[in-house]
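Visitor: I have not seen this structure before. Could you take me through some of its details, one question at a time?

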Amino acid sequence: MSSTLYCVDVETTGIDLKNDRLIQLAFLKVRDGKIEAFNDLCYTDVEISEQAMAVHRITPAMLEDKYWPEETESFLELERGNVPENFFISHGNELDKTMLAHEELEIVMQCIDTDRCARQLLSDARSFKLENLIEQYGLAPKARKIAAELGIENIDAHDALSDALWHYALFDFLLQKAGGDIERLVELTAKPQMLEKITFGKHKNKTFEAVMQKDPLDMVWMYVNIAPDWEDLDYTLTYWLKTKEYFWKKAQKERKEAMAIRL
């Protein structure tokens, strides 16, 4: 029985993994050489942050007449395909999987994270942002060709369907780098990665090393409050906190206490 690839991207009300919600779900379904596109805006009662709106340009007015995520055609199709023999592909699995889990869709497909795979297979990459990888490795023509075949006129960054097209182009390139071994991409995805810079909050764009030197208590706070739901962040903070025994012990103690309160 052949497997199906789902190259997925979502847009959300923000980047808070606990409180933000899905507002666009798009993916390419690839099976036996046939490619289909699915794309839906989704209704939510969670406020869209100004920062998120500035990126994806989805406004509350655009969602007023839309269905809840679990009622959309895209969601129902993804739900039908959510079996262990299929593959869930995105650039940074964490956000996509978490937002789907908020809608009670726990992904059991084999996961391929093109970000993690790129970091291990593309040693000459100048940046691991999706659009930069597409540009550096000349993958845009492939994405545009598929778009034309599907009748998609424009490919724009931070539109979920456009990003899903880019995911597929990047996945296909990484699969070639892995010698055509898709299971190797699954294995590379399973390895947690060391993050270089913080992408959120008051320390955004600072390195973890710099924050550990100047504001170690902020590293403790991130370890206790954010890292439990973010594997790569947990891996990175654990590494840096262990460089200073006092703060590592403090972080462990406070996380244990926080977990006990949640229970």
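Visitor: Is Arg57 buried or exposed?
Guide: This is a predicted model, and in it Arg57 sits in the loop between helix 1 (50-56) and helix 2 (60-63). Its relative accessible area is 52%.

Visitor: What is the phi of Arg57?
Guide: Most residues other than glycine have a negative phi. Arg57 is not a glycine, yet its phi is positive, at about 60 degrees.

Visitor: Where does Glu104 lie, and what is its phi?
Guide: Glu104 is placed in the loop between helix 4 (93-102) and strand 5 (110-113). Glu104 is exposed, with a relative accessible area of 73%. Although Glu104 is not a glycine, its phi is positive, at about 70 degrees.

Visitor: Is Pro69 buried or exposed?
Guide: Pro69 lies in the loop between helix 2 and helix 3 (73-80). Leaving aside neighbours within four places in sequence, Pro69 is in contact with Leu22, Cys42, Tyr43, Phe75 and Glu103. With a relative accessible area of 2%, Pro69 is buried.

Visitor: How many Å apart are Pro69 and Tyr43 in space?
Guide: In sequence, Pro69 and Tyr43 are 26 residues apart. From C-alpha to C-alpha, the distance between Pro69 and Tyr43 is 6.7 Å.

Visitor: Which parts does the salt bridge of Glu77 and Lys29 tie together?
Guide: The side chains of Glu77 and Lys29 meet at 2.9 Å, N to O. Glu77 is buried at 8% relative accessible area, and Lys29 is buried at 17%. The two residues are 48 apart in sequence, so the pair ties together helix 3 and strand 2 (residues 22-31).

Visitor: How are Lys253 and Glu257 separated in helix 13?
Guide: Their side chains meet in a salt bridge of 2.7 Å, N to O. Lys253 is exposed, at 52% relative accessible area, while Glu257 is partly exposed, at 39%. Because Lys253 and Glu257 are 4 residues apart in helix 13, their separation is about one helical turn.

Visitor: What covers the buried residues of helix 12?
Guide: The buried residues of helix 12 are Asp232, Leu233, Thr236, Leu237, Thr238, Trp240 and Leu241. Their cover includes helix 5 (114-121), helix 10, helix 11 (216-225) and helix 13.

Visitor: Which residues make a nonpolar surface patch of about 300 Å²?
Guide: One of them lies in the loop between helix 9 (182-189) and helix 10 (208-214), and this is Met194. At 35% relative accessibility, Met194 counts as partly exposed. The nonpolar patch is made by Met194, Tyr235 and Tyr239.

Key: Residues numbered from 1 in each chain as written. Predicted model: local features only at pLDDT ≥ 70, side-chain atom pairs only at ≥ 80, totals over all residues. Heavy atoms only, no water. Patch = residues over 30% accessible without salt bridge, like charges linked within 9 Å, V, L, I, M, F, W, Y side chains within 5 Å. Areas by Shrake-Rupley, 256 points an atom, 1.4 Å probe, with all protein chains shown as cover. Salt bridge = Lys/Arg side-chain N within 4 Å of Asp/Glu carboxyl O. Buried < 20%, exposed > 50% of the residue type's maximum accessible area, 1.4 Å probe, protein only. Contact = heavy atoms within 4.5 Å.
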